[in-house]
Structures are given as C-alpha cells and as structure tokens.
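Try each task before you read its solution.

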Amino acid sequence: GDDDADLDKVGVAAIPATEKKHKAAKNSKTRVVWLGQPIKKLGKKSFYNEVQVGDLKLRPGDCVSISPADPKQPYYIARIQYLFETSRGEQQAHVQWFYRGSETVLGEASDPLELFFVNECDDNDLVAVHDKVK
C-alpha cells in the first residue's frame, strides 16, 4: 500500500525478500499501550518514543525476543529501529533481525549460541514481542 513509501528505511537498506524469513506469532491477549504523544507524523503513520507491551517498556534501540508463528522454532531476536502506528491502528515496531548461525551460510557449522546482526528489516506487530533481551 501507500503506507510503505512514507518513510525511507532508517539507516539500513533492507534486503528485498520474497517471503519474510521470520514469521511472528500474533498474541492478541497482549496489551499494547503507547507512552506519551507521537513524536512525529508522516503520511498516515504516527511514530512514538516508547511503548508498553504487557509489563515491558520498550524504546527504539532495545533488543527483543519475538514469538515465532511456529512454536517449534526458537524465539527470534531483533533490535527495534522505530515504533509506529498505522492508519488502521496497527501498533508496530520496525525491527532489524539477528540470525542464528543455522539461518546463515554457516549452517550447522556455526556456534548455536552465536547471533549475527543482519541487514534485513521488516515491520512486526508489537503483540508478538515476548521479552526484552540484553
């Protein structure tokens, strides 16, 4: 839709992907509340500095675990680039992903505890956020 053209990717060019590599679950029971007024409005999007997701307070720059749509998968890890609400009231975070070694060319030869910060971003519903990661 038109919404996508409103904001250039913030600091990072996304790799065009035919399909999202990380599909997030939608936990509709999670309560998402914006903290404070929008810091900016651009087209049909409103941008925020802080959000409360369940008991978590999140800001751009925070790293989070995201529940995968497939419960057999481990949590996805991402860094929040910015927080926004669409014209349809969808509360979202634009995130940059970390990949596990098994998701990269290293495959199973990688250390299972190692994460790689990749040049791939997309928008995710804030209800999918599981926890804050340090």
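Strands here are DSSP runs of at least two residues, labelled E and numbered from the N terminus. Keep in mind that the model is predicted.

**Exercise 1.** Locate His-94, decide whether it is buried or exposed, and find its side-chain partner.

*Solution.* Start with the strand: His-94 sits in E8, which covers residues 91-100. Next, take the accessibility. Buried means under 20% relative accessible area, and His-94 has 3%, so it counts as buried. Finally, look for the partner: the side chain of His-94 makes a polar contact of 2.5 Å with that of Asp-123.

**Exercise 2.** Work out the strand order of the open three-stranded sheet, and say why E1 and E5 are its edges.

*Solution.* Reading across, you get E1-E4-E5, paired antiparallel. Strands E1 (32-34) and E5 (56-58) each have a single partner strand, so one side of each has no neighbour in the sheet. On average, neighbouring strands in this sheet are turned by 25° against each other, direction ignored.

Now zoom in on one pair. E4 (residues 51-53) runs antiparallel to E5, and three bridges link them. Within this pairing, Gln-52 lies opposite Lys-57 of E5.

Key:
Residues are numbered from 1 along each chain as its sequence is written. This is a predicted model: local features need pLDDT of at least 70, side-chain atom pairs count only at pLDDT 80 or more; totals for chains, interfaces and linings use all residues. Side-chain values use heavy atoms; hydrogens and water are left out. Helices (H or I, at least four residues) and strands (E, at least two) are DSSP runs, numbered from the N terminus. Buried means under 20% relative accessible area, exposed over 50%, partly exposed in between (1.4 Å probe, protein chains only). A polar contact is a pair of N or O atoms within 3.5 Å; within protein, one must be able to donate a hydrogen and the other to accept it, and residues adjacent in sequence count only if both atoms are side-chain atoms. Two strands pair if DSSP finds at least two bridges between them. Axes are lines fitted to C-alpha atoms, for helices over the stretch in contact, and angles run from 0 to 180 degrees between N-to-C directions.
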